Amino acid sequence: MNKTRLITTMAVFVTIGTISAQLIWFPAGIARAYPVQHAINVMAAVTLGPGPAVVIAFMISLLRNMLGLGTLLAFPGAMVGAFLAGFLYKKTKKKPLAALGEGIGSGVIGALFAVPFAYVFMSSSAGAFAFIPPFLVSSISGAILGLLVVSKVHNKGIIKN
């Protein structure tokens with residue numbers, strides 16, 4: 001993929017993720033669930049790889065925070081999930097493992113990263129068990145959505161490996 005096409009594809013993913021944050025979300029415990037963010041992580045990981053997927057997750061998180069649509073907790077969850085999804089897909093070429101990587105990366109590891117992040121930057125003393133359930137709900141629902149979309153797109157031959 002040439003650089004122009006890569007950057008354009010990344011911009012489209014960032015745009016969809018940012019716009020969907022104000023349209024599609026639901027309360028999940030102490031956090032808000034943004035399943036489209038996680039779906040985009042899976043789709044970007046499969047189609048573009050781990051590096052671009054992390055950049056996309058960072059940009060969506062940054063824009064959501066700048067627009068008042070998210071919290072600082074968007075950064076650790078989204079970026080870890082995007083990386084693990086891309087890493088697992090790159091190593092195995094199995095789309096379900098990309099979705100699993102997103103679920104574990106955002107839902108568990110990202111939630112664990114969120115604990116000190118929330119304490120330092122947000123003065124919140126919530127522990128890991130307060131973050132894991134809502135992060136899991138959001139990441140698993142989004143990962144399944146992303147897996148369904150990327151599987152359908154690949155089956156139709158719209159995007160080739």
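Residues are numbered from 1 along each chain as its sequence is written, and side-chain values use heavy atoms, with hydrogens and water left out. In this predicted model, local features need pLDDT of at least 70 and side-chain atom pairs count only at pLDDT 80 or more, while totals for chains, interfaces and linings use all residues.

## How the helices pack

Two packed helices are described by the angle between their axes and the distance between the axes. Here, helices (H or I, at least four residues) and strands (E, at least two) are DSSP runs, numbered from the N terminus. Axes are lines fitted to C-alpha atoms, for helices over the stretch in contact, and angles run from 0 to 180 degrees between N-to-C directions.

Let's begin with helix H2 (residues 35-48) and helix H4 (residues 74-92). Their axes come within 8 Å and cross at roughly 35 degrees. The crossing of H2 and H4 is right-handed; a crossing gets that name if the near helix is turned clockwise from the far one by less than a right angle, and is left-handed if anticlockwise. On the H2 side, Gln37, Asn41, Ala45 and Val46 take part, and they meet Ala78, Gly81, Ala82, Ala85, Gly86 and Tyr89 in H4. Six of the residues in this contact of H2 with H4 are nonpolar, four are polar and none is charged. In this scheme Ala, Val, Leu, Ile, Met, Phe, Trp, Tyr, Cys and Pro count as nonpolar, Asp, Glu, Lys and Arg as charged, and the others, Gly among them, as polar. Contact itself means heavy atoms within 4.5 Å.

Now for H1 and H3. The axes of H1 and H3 come within 9 Å and cross at roughly 40 degrees, and this crossing is right-handed. H1 brings Leu6, Met10, Phe13, Val14, Gly17, Thr18 and Ala21 to the contact, while H3 brings Pro52, Val55, Ile56, Met59, Ile60, Leu63 and Arg64. By class, the contact of H1 with H3 has eleven nonpolar, two polar and one charged residues.

## A cavity between helices

Rolling a probe the size of a water molecule over the atoms shows where empty space is left. On a 1 Å grid over the protein atoms alone, a cavity is a set of points where a 1.4 Å probe fits but cannot get out, and its lining residues have an atom within 4 Å of a point. Grid points are joined across faces, edges and corners, and a volume is the space filled by probe spheres set on the points.

How many cavities of 30 Å³ or more does a search of the whole structure find? The search finds one. The largest cavity has a volume of about 40 Å³. Its lining is made of Gly17, Ser20, Ala21, Ile24, Tyr34, Val36, Gln37, Ile60 and Arg64. Helix H1 (3-23), H2 and helix H3 (50-66) each supply at least two of the lining residues, and the largest share, three residues, comes from H1. By class, the lining has five nonpolar, three polar and one charged residues.

Buried means under 20% relative accessible area, exposed over 50%, and partly exposed in between (1.4 Å probe, protein chains only). The table lists some C-alpha pairs to look for.

| Residue pair | Apart in sequence | C-alpha separation |
|---|---|---|
| Methionine 79 and valine 55 | 24 residues | 7.9 Å |
| Glycine 110 and methionine 79 | 31 residues | 7.9 Å |
| Alanine 31 and phenylalanine 131 | 100 residues | 7.6 Å |
| Methionine 59 and phenylalanine 75 | 16 residues | 9.2 Å |

Methionine 79 sits in helix H4 and is partly exposed, with a relative accessible area of 26%. Leaving out residues up to four places away in sequence, methionine 79 touches Val54, Ala57 and Phe58.

Glycine 110 belongs to helix H5. Is glycine 110 buried or exposed? Glycine 110 is buried, because its relative accessible area is 0%. Not counting residues up to four places away in sequence, glycine 110 touches Pro76, Gly77, Val80, Gly105 and Phe135.

Serine 138 lies in helix H6 (residues 128-155) and counts as buried at 5% relative accessibility. Beyond its neighbours within four places in sequence, serine 138 is in contact with Ala33, Tyr34, Pro35 and His38.

Most residues other than glycine have a negative phi. Lysine 93 has a positive phi of about 60 degrees, although it is not a glycine. Lysine 93 counts as exposed because its relative accessibility is 55%.

Definitions and conventions
1 Å grid on protein atoms, 1.4 Å probe; cavity = no way out; pocket = protein on both sides within 12 Å on 5 of 7 lines; lining within 4 Å.
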